[in-house]
Amino acid sequence: MSKNFKQMIQHDAAGGIILVCAALLALIFANSPLDGFYNGMLNLPVAVKFGSFEIAKPLLLWINDGLMAIFFFMVGLEIKREILQGHLNSVAQITLPAIAAVAGIAVPALIYVWFNFDDPVAVTGWAIPSATDIAFALGVFSLFGRSLPITLKLFLLSVAIFDDIGAIVIIALFYSADLSTTSLVVAAVGLLVLFGLNRYKVRAQGAYILVGMIVWAAVLKSGVHATLAGFAVAMFIPINVENEDGHPMLHHMEHSLHNWVAFFILPVFAFANAGVQLIGTSADDIFNPVVMGIVAGLFIGKQVGIFGACWIAVKAGVAKLPEGTNWTQLYGVTLLCGIGFTMSLFIGSLAFEHQGFEHLNSVKVGVLSGSILSAIAGAFFISRSRKAAESAVK
């Protein structure tokens with residue numbers, strides 16, 4: 001592997017570029033003679049059976065419930081590390097991004113509800129525009145904001161992390177149903193075992209992984225969305241215990257998973273979920289309330305909510321702007337927070353899981369449109385503020 005290629009795959013922008021390519025490939029498949037193959041592949045039944053225990057789902061749900069659980073596991077590891085040892089371990093550092101994230105969840109949701117309040121089915125998608133795609137947003141920032149203060153990137157990362165926490169809470173509270181007490185008990189016992197492994201500083205990394213898989217299977221059968229198991233298991237991975245190979249366990253797991261998540265799991269999810277069928281789609285289908293609510297929520301709601309909350313917090317003396325930054329630069333970052341993509345598509349798949357093609361297609365159109373608008377506008381402002389900063393230095 002060449003040195004240049006290694007540098008490329010380690011760059012934040014690479015993950016975003018691959019996500020875009022995966023989405024474009026999905027669009028090509030969904031709007032070409034390959035459409036039948038694409039949908040047939042995603043609906044391919046896949047089953048795993050051990051005695052009387054069986055998990056049988058189409059391939060699409062294995063991706064959404066299985067691979068995305070690994071993604072949430074890595075998110076959980078990242079959140080735990082940042083809170084305990086990173087730049088979220090003090091009140092001063094988390095105040096502004098926390099306030100921004102709350103407003104960035106609430107305002108887009110309210111805008112979506114305003115468009116869909118009279119439709120009891122459509123309104124269940126209220127959380128779709130509340131999400132931020134951390135990989136995509138950081139990718140755009142890395143491409144267009146290379147010489148801007150690192151504190152801006154940390155602010156964007158912090159907002160996205162709090163946004164992920166909000167998404168996890170929303171999924172747990174609003175997109176779980178028909179709970180199985182037996183399965184929940186099994187999951188709880190599994191988490192207690194993980195607590196014991198952590199408490200007694202067990203170094204066998206495989207033990208945590210094995211118990212984690214049992215917890216995931218139990219949560220999958222419980223009615224709570226399986227991806228939450230990934231986040232819960234991550235909370236019990238020790239941060240100051242070395243594994244059997246002498247590596248700090250949490251850091252080693254997070255580092256090992258990063259490239260798999262960035263360059264395989266998220267692109268596969270994007271390919272499986274971004275296939276918008278545009279052929280035969282009318283203007284009414286494109287401009288329906290679900291689509292407009294998502295687009296307005298992502299593109300308008302995110303920037304209004306985050307930038308407005310930051311302005312109020314700073315002017316009120318509750319928080320300070322990231323060191324070395326100005327309002328124009330911050331505004332560019334708030335635009336990037338409107339890139340929902342992966343997380344918005346995921347929440348949309350949960351919200352309209354049983355509603356059929358029409359609603360799911362609307363979700364895809366809205367998420368892709370709102371995310372593209374936010375990416376273009378954010379890239380423009382970030383690039384403009386970067387050039388202004390470079391000119392000031394000269």
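Biologist: Is Cys-21 buried, exposed or partly exposed?
Modeller: Keep in mind that this is a predicted model. Buried would need under 20% relative accessible area, and exposed would need over 50%. Cys-21 comes out at 45%, so it falls in between and is partly exposed.

Biologist: What about Cys-310, buried or exposed?
Modeller: The cut-off for buried is under 20% relative accessible area. Cys-310 has 0% relative accessibility, so it counts as buried.

Biologist: How many disulfides does the structure hold?
Modeller: Take Cys-310 as an example: the nearest cysteine sulfur belongs to Cys-337 and is 8.7 Å away. A disulfide needs the two sulfur atoms within 2.5 Å, and Cys-310 is in none. For the structure, the count of disulfides is zero.

Biologist: Which residues does Ile-99 touch, leaving aside those up to four places away in sequence?
Modeller: Ile-99 sits in helix 5, residues 91-116, and at 29% relative accessibility it is partly exposed. The residues Ile-99 touches are Ala-309, Ala-313 and Val-318.

Biologist: What share of contacts between residues at least 6 apart in sequence join residues at least 24 apart?
Modeller: Contact here means heavy atoms within 4.5 Å. Among the contacts in the protein chain that span at least 6 residues, the share joining residues at least 24 apart is 80%.

Biologist: Where does Lys-201 lie?
Modeller: Phi of Lys-201 is near 55°, a positive value in a residue other than glycine. At 57% relative accessibility, Lys-201 counts as exposed. Its place is the loop between helix 8 (181-199) and helix 9 (205-222).

Biologist: And Phe-341, is that buried or exposed?
Modeller: Phe-341 also has a positive phi, near 35°, and its place is in helix 15, residues 341-351. With a relative accessibility of 2%, Phe-341 counts as buried.

Biologist: Zooming out, how compact is the protein chain for its length?
Modeller: The chain has 16 helices and two strands. Its radius of gyration is 21 Å, close to the 21 Å that the globule rule gives for 394 residues, so the chain is as compact as a globular protein of that length.

Biologist: How far apart are the centres of the positive and negative side chains?
Modeller: The protein chain carries 20 positive and 22 negative side chains. The centres of those two sets lie apart by 12 Å.

How values were computed: Residues are numbered from 1 along each chain as its sequence is written. This is a predicted model: local features need pLDDT of at least 70, side-chain atom pairs count only at pLDDT 80 or more; totals for chains, interfaces and linings use all residues. Side-chain values use heavy atoms; hydrogens and water are left out. Helices (H or I, at least four residues) and strands (E, at least two) are DSSP runs, numbered from the N terminus. The radius of gyration is taken over C-alpha atoms; the globule rule is 2.2 Å times the number of residues to the power 0.38. Lys and Arg count as positive and Asp and Glu as negative; His and the chain ends are not counted. The place of a charge is taken as NZ of Lys, CZ of Arg, CG of Asp or CD of Glu. Buried means under 20% relative accessible area, exposed over 50%, partly exposed in between (1.4 Å probe, protein chains only).
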